[in-house]
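Here are my notes on the model you sent over.

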Amino acid sequence: MQIKFVEVANFRKLLSVRVDFDAKQTLFVGANNSGKSSAMLALRRFLVPNHCPFEIHDFTLCHWPGINRIGQSWLEANERGETVDLVLDRWVSFLPTLDLWLEVDAGEMHHVRDLIPTLDWNGGLLGVRLRYEPSDLEGLYKDFVETVTEAESLRAIASKKHDVAGNDLPPLKLTLWPTALNDYLARRLSRSFGIRAYILDPDGLQGVSDTGEVKPQPLPPTSQPLDGEPLRGLIKVHDIPAQRGFGGDGSHEDDEDMPVPTSARRLSDQLRSYYTKHLDPTRGPTEGDLGALQALETAQDQFDAQLTEAFTAAFDEVASMGYPGVADPRPKVSTRLRAVDGLNHASAVTFEVDVSAQGDGVAPVLRLPETNNGLGYQNLISMIFRLMGFRDAWMRVGKVALSEPTAVLEPLHLVLIEEPEAHLHAQVQQVFINKAYEVLRAHDDLGDNWRLHTQLIVSTHSSHVAHEVPFACLRYFRRLPAGMRAPIPVSAVVNLSSVFGDEAETARFVTRYLRAQHSDLFFADAAILVEGPAERMLMPNFIRMRYPDLSRAYVTLLEIGGSHAHRLRPLIEHLGLLTLVITDLDSQDGTSGKAAPPIPGAGQTTNNATLRQWVPEIDAIDDLLMIDAHRRVRAPDHDPLFAVRVAYQTPVAVVLPGDTVPTTAHPYTFEDALVFENLAIFAAMNGSGLVGRFRDAIEAGGTATQLGEASFDALRNGKKAEFALDVLDAIAFEHLEVPGYIAEGLVWLQERVRKKQIEVLPAQADAASDGHAGS
């Protein structure tokens, strides 16, 4: 048995989304404020409601006016003395829901007997809807109306205030709670709302649309909520939240039954809790516990004797006052030692420090308290230990079984972890995500036992974590501005399990490439794909100098040649990630296929797979040089935020040394395009290698075609990374003109990023006109 997917509706930014779960571990990735935390919170709210109660802000914001209209209609009906028809139907479209879909084998039917939809069902998908809804509509109505009436009465009294002379005072601005039904629910939501469960029909399950929209199936009018807690005994849920502060000694109650606070992650606190639940010898002692119990009792007797002797003088002095008398009870001091007391202090856990042997040949043992250890190690040790505790609590390891002797193991264990990367070095992040699931399964009765299933859900902002798991495990959360799918900003979820289809070779290449590049593609607002190392080194500086809005955005820069950039196409299109591809024209002879400088009218073609297979899907050099700017953009009609634009070398008007009339040059690569647009600077630039060759070609003079041929020859064996370093080191670097084709692309990207970052999408989004930006 496993959770196949969940569908969340009307919960915060999740207006209506489906989140598929991998059989083992699933990673939530996406830019900031994209809905990852909302999804994790929804799982907590619905699956562990006693520890994570709902609040009014969990209702999607666009539904608040509808909720307030219900409240207003109640007030108006009450004022008219009319009877209110209290039906749940008016609330249904506003209520947060989580549809939990399980994959259940026929042999596991006894676990889900309360959820089986029909007598014909014999295994497969099984769905249950958890809905947060009014549990007492009549009580809600009466209390709301009475509260508003009391507030109105107070407001009326305040409006009739007089001064000492009896004159009316001007009305005061006075806002009394509640101002509307949502304001009332902000304080009293839990009084009249609760989670109810409903059985869903697997045959009524609807798919996800091409635009990523989900329509949860409507419940039939005759649908009745299930009694009790249908998921009790079916799913065990544990979580590690993002807010888990370190530092300070802290203090905790001495009650052994008090759970460790969710935010506590000090190892000493967790050890104490683990010891109490699983190892405490006083709870159901076994033969192995007898020695510890005997030692505790001996120590207690010795301590009692010492205390009695120590307090004798004090008690004798009290007795000299006439108390206690013959018939009075006599005071006695005694102790109570518990095994867990040894862990109930700030230094319960220390870390030994290795030191070299001193002159006497003896190495002293030095210890530091756990708060002196690095935050990264504290976080790592804490999380691993909590995972061990989650596993052992699920499997009822040790003494915990004594408190639940008749408990049946839940067949599903769901573990939620938010942002495990906090304070961790990149390599440690990778180790953690690779080992976390193994820790959860490290029990003799688990391993490959499919009847006891563990699913791990992790939300992260770390590319190092994301690249350690297959694409099949990634769920990408994407921000959608108001006006695109709803009147408010909402989220969409993209399942990357099928992003490459059957193209295993492409998936393998992209996985290895992104891992090697440490790409943050899954967390960026936009991406720029560049051809080589020179662009990779110079582009960030161009952006910082000339494009301030782009510099402030989360833009990831990837170096990938034109022969491979198109292999990222499936991933970029699935993510809907705004992308600028800066590549080379790569002209070649149309007959021999030999690389050659671009010459209009010569029948040349491009060797660049990106230009041929992605954007603009054109082979002929003449056509590539002539097409309008909007032909270099690919933007789907259904998604105004997503587009891909290609930028490659185009004809440049230059004034050669000694000339006054502009002539047309046709650059072949980024390097010679940069030289053509900055001839005066490169003619005076110091340097060897490519910089020296370009300087010599400029000094040799000749036509633009001759200069282009000389540049082409210089690039054959030139070291482009060395060229970029020489350019960065040049005094005149800040005065360089950005090559025109790149400038057009960056202007286009900057305008699109501005549109993407706004919270409200303009009513008229003209994607076609954006294709001309900067042209």
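1. Salt bridge here means a side-chain nitrogen of Lys or Arg within 4 Å of a carboxyl oxygen of Asp or Glu. Arginine 12 sits in the loop between strand 1 (2–11) and strand 2 (14–20), and aspartate 58 in the loop between helix 1 and helix 2 (64–80), so the contact ties together parts 46 residues apart in sequence. For these elements, helices (H or I, at least four residues) and strands (E, at least two) are DSSP runs, numbered from the N terminus.

2. Before going on, the ground rules: this is a predicted model, where local features need pLDDT of at least 70 and side-chain atom pairs count only at pLDDT 80 or more, while totals for chains, interfaces and linings use all residues. Residues are numbered from 1 along each chain as its sequence is written, and side-chain values use heavy atoms, with hydrogens and water left out.

3. Is aspartate 58 buried or exposed? Aspartate 58 is buried, at a relative accessible area of 0%, whereas arginine 12 is partly exposed at 27%. The cut-offs are under 20% relative accessible area for buried, over 50% for exposed, and partly exposed in between (1.4 Å probe, protein chains only).

4. The structure has 28 salt bridges. Another joins aspartate 549 to arginine 552 (2.4 Å, N to O); both lie in helix 13 (residues 548–552), 3 residues apart, or about one turn of the helix. Aspartate 549 is partly exposed at 23%, and arginine 552 is exposed at 60%.

5. Glutamate 617 and arginine 634 also meet in a salt bridge, at 2.6 Å from N to O. Glutamate 617 is in the loop between helix 16 (609–613) and helix 17 (621–626), and arginine 634 is in strand 19, so the pair links parts 17 residues apart in sequence. Both ends count as partly exposed: glutamate 617 at 44% and arginine 634 at 28%. Back at arginine 12, salt bridges with shared partners join Arg12, Arg45, Glu55 and Asp58 into one network.

6. 5 strands form an open sheet with mixed pairing, in the order 15-14-16-20-19; two strands pair if DSSP finds at least two bridges between them. Strand 15 (555–559) and strand 19 (633–634) are the edges, each with a single partner strand, so one side of each has no neighbour in the sheet. Strand 14 (residues 526–530) runs parallel to strand 15 over 5 bridges, and valine 530 has glutamate 559 of strand 15 as its bridge partner. Helix 23 (residues 740–757) packs on the sheet, touching strand 14, strand 16 (578–582), strand 19 and strand 20 (644–647), and its direction makes about 175° with that of strand 16. Angles run from 0 to 180 degrees between N-to-C directions, with axes fitted to C-alpha atoms, for helices over the stretch in contact.

7. Which residues touch the most other members of the largest nonpolar core? Trp74, Trp91 and Leu185 do, in a core of 65 residues. Helix 1 (residues 36–47) gives the largest share, 7 residues. A core is a set of buried Ala, Val, Leu, Ile, Met, Phe, Trp, Tyr and Cys residues joined through side-chain atoms within 4.5 Å. Leaving aside neighbours within four places in sequence, leucine 185 is in contact (heavy atoms within 4.5 Å) with Ile56, Ile67, Trp91, Leu140 and Phe193. Another core, of 60 residues, lies apart and includes Val29, Cys473, Leu571 and Leu575.
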